[in-house]
Amino acid sequence: MRLILLGPPGAGKGTQAQRLVEQHGIPQLSTGDMLRAAVQAGTEVGKRAKAVMDAGELVSDAIVNAIVAERIDQPDCARGFILDGYPRTLVQADAVEAMLAERGIALDTVIELVVDDKALVGRIVKRAEDAKAAGQPVRKDDNPAVFEERLREYYKKTAPLTGYYYAKGKLKTVDGMASIDAVTDEIGKVLAAAAK
Ligand code: AMP
């Protein structure tokens, strides 16, 4: 199964992706996680991405496309994967199409988590508080000021992807404001229907 989770920052893509990993035994490919790992490791990519990420803007298409192209060739992706936070621009969406076509594989479904913007800042603040309470590092971009920029980037560059996938007949929407378990159930139903 090859699945894309779409939705603004804080929509719950990461949480749902982790559940899908457990249910389906395929990896979650989060470009945000990969970029944070690169920043942490101090790689060339990490150095170039850090300031952009801290400002809540999008890293260049060339960088993220290269990261994903390399990642999907790893053996654990052979049975499928969940793309979380990628693609985020139309250029990236075209790149995924090309990558999959080159490998003779297809995208199964795109699930958009539909959420109310006003609730998102609260979720991000809570995520930062939870990370702190658990003794985990708090993301530098999980604060209201940077979050606003991330949301602007989403509407400018990522939201058009819903139309892109709708036109391809791949888009399914799920109410992301429901409880975490209810969203998981809904995603399960969408995937079961798509598999028929
Ligand atoms: P995320 O963890 O998905 O919220 O991503 C955190 C940050 O990483 C974003 O605000 C961007 O700066 C960068 N990033 C993650 N994925 C992408 C992507 N597909 N394209 C461009 N930038 C990305």
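The model is a predicted one, in which local features need pLDDT of at least 70, side-chain atom pairs count only at pLDDT 80 or more, and totals for chains, interfaces and linings use all residues. Residues are numbered from 1 along each chain as its sequence is written, and side-chain values use heavy atoms, with hydrogens and water left out.

Five strands form an open sheet in the order 2-3-1-4-5, with parallel pairing. Strands and helices here are DSSP runs, numbered from the N terminus: a strand is a run of E of at least two residues, and a helix is a run of H or I of at least four. Two strands pair if DSSP finds at least two bridges between them. In general, strands of a sheet pair through backbone hydrogen bonds, either parallel or antiparallel. Strand 2 and strand 5 are the edge strands, each pairing on one side only. From one strand to the next, the twist averages 25°; axes are lines fitted to C-alpha atoms, for helices over the stretch in contact, and angles run from 0 to 180 degrees between N-to-C directions.

Strand 4 (residues 109-114) is mostly covered, five of its six residues being buried. Buried means under 20% relative accessible area, exposed over 50%, and partly exposed in between, with a 1.4 Å probe and protein chains only. Strand 4 pairs in the parallel sense with strand 1 (residues 2-6) over four bridges, and isoleucine 4 stands opposite valine 110 of strand 4. With strand 5 (residues 171-175), strand 4 pairs in the parallel sense over five bridges. The partners in strand 5 include lysine 172 for isoleucine 111 and aspartate 175 for valine 114.

Helix 8 (residues 160-167) lies across strand 1, strand 4 and strand 5, and runs at about 145° to strand 1. Contact throughout means heavy atoms within 4.5 Å.

Helix 4 (residues 61-71) has the buried residues Ile63, Val64, Asn65, Ile67, Val68 and Arg71. Their cover includes strand 2 (28-30), strand 3 (81-84), helix 2 (31-41), helix 3 (44-54) and helix 5 (90-102).

In helix 3, the buried residues are Gly46, Ala49 and Met53. Seen down the axis of helix 3, these residues fall within an arc of 75°, so they line one face of the helix; the arc is that of the directions from the helix axis to the C-beta atoms. An α-helix has 3.6 residues a turn, so residues three or four places apart point the same way. The face of helix 3 turned away from the buried side carries the exposed residues Glu44, Lys47, Arg48 and Ala51. Helix 3 is followed by glycine 56, whose phi is positive, near 80°.

Helix 2 is part of what covers the buried residues of helix 3. Valine 39 lies in helix 2 and is partly exposed, with a relative accessible area of 26%. Not counting residues up to four places away in sequence, valine 39 touches Gly46, Lys50 and Met53. Valine 39 and alanine 49 are 10 residues apart in sequence and 7.2 Å apart in space, C-alpha to C-alpha.

The aromatic side chains come next. Rings of Phe, Tyr and Trp (its six-membered ring) pair if their centres lie within 6.5 Å; planes under 30 degrees apart count as stacked, over 60 as edge-to-face and the rest as tilted. By this rule there are two aromatic pairs. Tyrosine 154 and tyrosine 155 form an edge-to-face pair, 5.2 Å centre to centre with 80° between the planes. Tyrosine 154 is buried at 6% relative accessibility, whereas tyrosine 155 is partly exposed at 41%. Tyrosine 164 and tyrosine 165 also form an edge-to-face pair, 4.8 Å centre to centre with 80° between the planes. Tyrosine 164 is buried at 15% relative accessible area, and tyrosine 165 is buried at 0%.

Tyrosine 164 has a charged neighbour as well: the charged end of lysine 168 sits over its ring, 4.9 Å from the centre. A charge sits over a ring if NZ of Lys or CZ of Arg is within 6 Å of the ring centre and within 35 degrees of the ring normal. Glutamate 97, in helix 5, touches both Tyr164 and Lys168, not counting residues up to four places away in sequence. Glutamate 97 is partly exposed, with a relative accessible area of 34%.
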